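Here is a short briefing to read alongside the model. Have the viewer open, and let's go through the rings, the sheet and the confidence together.

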Amino acid sequence: MKTQFLIAAPMSGSGKTTVARQLMELYVRKGRRVQPFKCGPDYIDTKFHEAVCGRPSVNLDTFMASPEHVREVYARYSKDADVCIVEGMMGMYDGYDRDRGSSAEIARVLDLPVVLVVDARSAAYSLAPLLQGFVNFRKDVRIVGIIFNKVGSIRHQAMLRQVCLDLGLHCLACIPRNKELEQGSRYLGLDFSHLPLLPKRKDPLPAPPCVGRWGKAVVARNAESFSFIYQETLDALGRSALPLRSAKNVTFFDPEKDVPALDGVDLLYLPGGYPEKHLDALVKNEAARQIIKDYAEHGGRIIAECGGMMYLCKSIITDDGEYPMCGVLPYVITALQADRKLSLGYRQFTLDGKEYRGHEFHYTQFLGEMPTSACQVYDAKGEPVSTRVFHDKNVLASYTHLYLNETNIY
């Protein structure tokens, strides 16, 4: 019987990622095939999952996709797994509209039991009413056990176990405070610069059927500069490859050191990442920038998201100077410390009759006057936002990290 559960928490910073990784590693060491998942649009936590499990970690998001799609993706990836571990996001009931899109909604959609990770650093029996509220808040969400994190002492542990005993809950573990378990943060999120880029799969998934749309796609990929990729986007490109029933027609290149072969390529995909942290290498690879510009000018189709869009622009300015990029888009991006401004949230827009949804998370900005957008972009609640979308014949570019599928791949 397959072991499967969702790891949630009352609030962010409780230790979900640390606990999820530790449990994944525990099962992997026992020889189990562990399939990781991540609630929401996060594209950084998934890298930690992949590094442990050797399998792509897949996003489950009920804003960017329908509940039916979420169930299909979960079933497809969990098919050959012994253990499925889903890491939640933020607080358990925190969604884009009350609890819509929350970890709790994913648990309901997939009928998964929930393990609640609780930061016990500054409380003991006061956690009893908190836990009782979480357990009883919705009867269609099953909390099956508690893991207390950042426990201070043996006495503290005994008090926490008494909480569970009085509430009739299973205390699964008490994790002591440990600096070595704390994961450092860096720039936009967790520091993943030390992780391997493409973990080798121990057991490749069977390829889903193709729908016969693209002949060949080339994807930029690098450990940091171009790494924010939703697995379902790669799957959609693979399913669309002609004539094979696999992703063999999807190839990767590293813009920091490779020159892509774009002859006969139907789609160039430039995902997001941290190009502003690796500008010297991107500038040095002038041949790659030139071939991408030539490809665009000769009608090559391009999807560029956030960092990928920045790479297509005229240049990027930092406190160290100005760095020329591909020049496909005639705009300048500022990454100056003085200009840093957080843009964060779900995004949605309709273009040429196709609906696009995704997530935006960046500090860089356009320098000077905002460019004209090809359409109005909205947040999750339908309120207009200032995000721009560029659609010039063959190029689709935006700060939004898109959740692509066969219905809207450009």
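Y43 and F228 are both buried, where buried means under 20% relative accessible area, exposed over 50% and partly exposed in between (1.4 Å probe, protein chains only). Please keep in mind that this is a predicted model, in which local features need pLDDT of at least 70, side-chain atom pairs count only at pLDDT 80 or more, and totals for chains, interfaces and linings use all residues. Residues are numbered from 1 along each chain as its sequence is written, and side-chain values use heavy atoms, with hydrogens and water left out.

**Aromatic pairs**

- Rings of Phe, Tyr and Trp (its six-membered ring) pair if their centres lie within 6.5 Å; planes under 30 degrees apart count as stacked, over 60 as edge-to-face and the rest as tilted.
- By that rule, the count is 16 aromatic pairs.
- One of them is the stacked pair of Y43 and F228, at 4.5 Å centre to centre with 20° between the planes.
- Y43 sits in the loop between strand 2 (34–39) and helix 2 (45–53), and F228 in the loop between strand 10 (217–220) and helix 7 (231–239), so this pair ties together parts 185 residues apart in sequence.
- Helices (H or I, at least four residues) and strands (E, at least two) are DSSP runs, numbered from the N terminus.
- Y331 and F366 have ring centres 5.8 Å apart and planes at 80°, so they form an edge-to-face pair.
- That pair links distant parts of the chain, with Y331 in strand 16 (residues 329–334) and F366 in strand 19 (residues 365–366), 35 residues apart.
- Y331 is partly exposed at a relative accessible area of 23%, whereas F366 counts as buried at 10%.
- Y43 and F228 also belong to one aromatic cluster together with Y230, Y274 and Y403.

**Charges over rings**

- A charge sits over a ring if NZ of Lys or CZ of Arg is within 6 Å of the ring centre and within 35 degrees of the ring normal.
- R340 places its charged end over the ring of Y363, 4.2 Å from the centre.

- An open sheet is formed by seven strands in the order 3-2-4-1-5-6-7, with parallel pairing (two strands pair if DSSP finds at least two bridges between them).
- Strand 3 (58–60) and strand 7 (171–176) stand at the edges with a single partner strand each, so one side of each has no neighbour in the sheet.
- Five bridges join strand 2 and strand 4 (residues 83–87) in the parallel sense, and K38 stands opposite E87 in strand 4.
- Strand 1 and strand 4 also pair in the parallel sense over five bridges, with Q4 opposite C84 in strand 4.
- Strand 1 runs parallel to strand 5 (residues 114–119), joined by three bridges, and I7 stands opposite V115 in strand 5.

**Confidence**

- The chain has an average pLDDT of 90, and 88% of the residues score at least 70; pLDDT is the predictor's confidence in each residue, from 0 to 100.
- Residues 197–212 stay under 50 in pLDDT, and the model has 36 contacts for them beyond four places in sequence (contact means heavy atoms within 4.5 Å).
- Residues 241–247 are also below 50, with 19 contacts in the model beyond near neighbours in sequence.
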